Amino acid sequence: MTTPHYIGAVLVLLLITGLGVYAGSRVKSSGDFTVGGRRAGAGIVAGSIIGTFVGGASTIGTAQLAFNYGFSAWWFTLGGGIGCLILALCYAKPLHDSGVMTLPQMLSREYGRKASTATVILTSLGSFLSIVAQLLASVALITSISGISGPLATLLTVTLMIAYVLFGGVWGAGIVGMAKTALLFAALGISGILAFYWQGGLSGFTAALPADRFFSLVARGAAVDLGAGLSIILGVLASQSYIQAILSARTVRLAKSGALISAALIPLVGTGGIFVGLYMRLHAPDISSAAALPLFVLQHLPPLFGGVVLATLLITVVGTAAGIALGLSAMFCNDIYLVYWNKNPGDKKLLLVSRLALAGTLLAAALFSTGNLGSLILTWSFLALGLRGVVPFGALTTAIAVPGRIPGSYAFASMLVGPAFVMAGKPLIGAVIDPLFFGLAASLLVLLAGYLKQSASARQDAEVRRSPKGD
């Protein structure tokens with residue numbers, strides 16, 4: 001990096017930090033921090049969703065996978081767009097109308113405290129691993145493009161995460177997310193357009209690369225790529241971070257609009273990264289695939305703008321981790337602290353606990369990532385997806401679609417069976433088909449069994465009531 005690179009990067013980081021502090025001025029209560037006082041417009045909702053979703057996998061990871069497999073890399077952001085579309089059409093209204101603050105609260109209302117506590121514990125573990133993975137990606141990005149050491153890069157990353165969301169909560173995630181989205185589309189949009197133009201358009205790519213590998217959505221195998229798409233969809237539909245954005249909206253219409261905006265924009269982010277990855281495959285085939293996007297920025301963009309782009313990539317990773325940590329903080333305060341520790345803490349104390357939980361989560365992730373854990377996190381990254389998606393998805397869906405028809409014990413069992421099948425299936429079939437399919441199927445079968453049992457009991461009760469007295 002040259003001096004203009006650093007100038008561009010510092011300008012972006014100052015902008016993001018300033019917006020985070022400004023968002024904090026809008027927080028007067030714990031409700032403001034967690035769900036924005038339910039005063040958010042469509043832009044804040046979309047900013048929160050996009051700001052949390054679009055991270056290292058959607059940018060650097062998409063370019064990396066495109067370098068190796070082309071358009072198969074689109075499943076990261078395409079799955080996110082599909083998930084947001086389903087969220088808007090099927091889940092936004094019942095979630096917003098429920099009046100809850102968190103996903104576990106809704107499950108507790110339908111299935112009891114045991115189910116909600118299981119959701120908090122299991123999804124929190126998966127979310128924590130996702131935060132650590134994002135932090136590792138951020139540190140790798142910083143150290144690969146600068147002379148900053150690993151510990152200093154970790155400190156810088158955590159400081160940015162705290163500035164991103166600690167003071168403003170969901171307002172911080174939304175306001176900074178809107179700025180991040182604008183910067184991201186400028187960065188990846190211009191980069192993708194330049195790569196597309198320099199290669200001579202789509203015909204230039206298709207003439208130089210084999211179609212079956214680089215221009216197929218299932219280049220890695222249908223089961224693997226469709227499984228990746230499914231895991232992203234489930235992650236959007238059943239993660240506290242995205243549900244929290246829906247709950248923050250002023251009205252159902254604004255909640256739906258924010259989710260629909262996200263559904264339209266998220267897939268577009270991936271296309272820019274794909275064309276950059278393909279371009280670097282042709283012009284720098286010997287580089288590490290993970291370096292495709294950062295090296296394109298350093299080598300092919302004007303230095304000042306390149307610094308802006310690199311800082312934007314850093315903020316995408318930071319924002320995703322901060323948004324996930326915000327969801328963890330909300331669940332801890334509303335579903336653990338208020339339920340088991342202090343039922344009437346007062347609003348100021350609850351706001352303080354929310355911020356401490358958020359800061360503690362980020363600091364713990366920083367400590368957890370300082371060792372040699374890269375391979376561990378990559379090897380067990382499926383665990384984060386399995387826990388965040390499989391655990392609550394079926395129970396949440398049945399709570400909305402067939403309320404009162406599933407016994408709480410069956411909902412609780414489904415939350416344990418799903419991730420167990422995902423974890424057991426990885427070493428057995430993980431190379432052939434995504435075990436997420438089996439975990440989801442097992443979870444849904446348990447819920448179906450509960451539905452059938454409840455329906456049979458209801459029919460028996462109805463027959464008893466209809467039968468003449470004395471029979």
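This is a predicted model: local features need pLDDT of at least 70, side-chain atom pairs count only at pLDDT 80 or more; totals for chains, interfaces and linings use all residues.
**A cavity lining and a helix contact**

Good morning. By class, the residues that line the largest cavity comprise six nonpolar, six polar and one charged.

The most is given by α16, which contributes four residues.

I turn now to a pair of helices. In general, the packing of two helices is described by the angle between their axes and the distance between the axes. Here the pair is α14, residues 252–283, and α15, residues 292–300. Their axes come within 9 Å and cross at roughly 75 degrees. Angles of 65 to 115 degrees count as roughly perpendicular, and α14 and α15 are therefore roughly perpendicular to each other.

Which residues make this contact? From α14 there are V276, Y279 and M280; from α15 there are A292, L293, L295, F296, Q299 and H300. Taken by class, the residues of the contact of α14 with α15 are seven nonpolar and two polar, with no charged residue.

To close, I place the two sites side by side. The lining of the largest cavity includes one charged residue, whereas the contact of α14 with α15 has no charged residue. Thank you.

Definitions and conventions:
Residues are numbered from 1 along each chain as its sequence is written. Side-chain values use heavy atoms; hydrogens and water are left out. Axes are lines fitted to C-alpha atoms, for helices over the stretch in contact, and angles run from 0 to 180 degrees between N-to-C directions. Helices (H or I, at least four residues) and strands (E, at least two) are DSSP runs, numbered from the N terminus. Angles under 35 degrees count as roughly parallel, over 145 as roughly antiparallel, 65 to 115 as roughly perpendicular and the rest as oblique. Contact means heavy atoms within 4.5 Å. Ala, Val, Leu, Ile, Met, Phe, Trp, Tyr, Cys and Pro count as nonpolar, Asp, Glu, Lys and Arg as charged, and the others, Gly among them, as polar.
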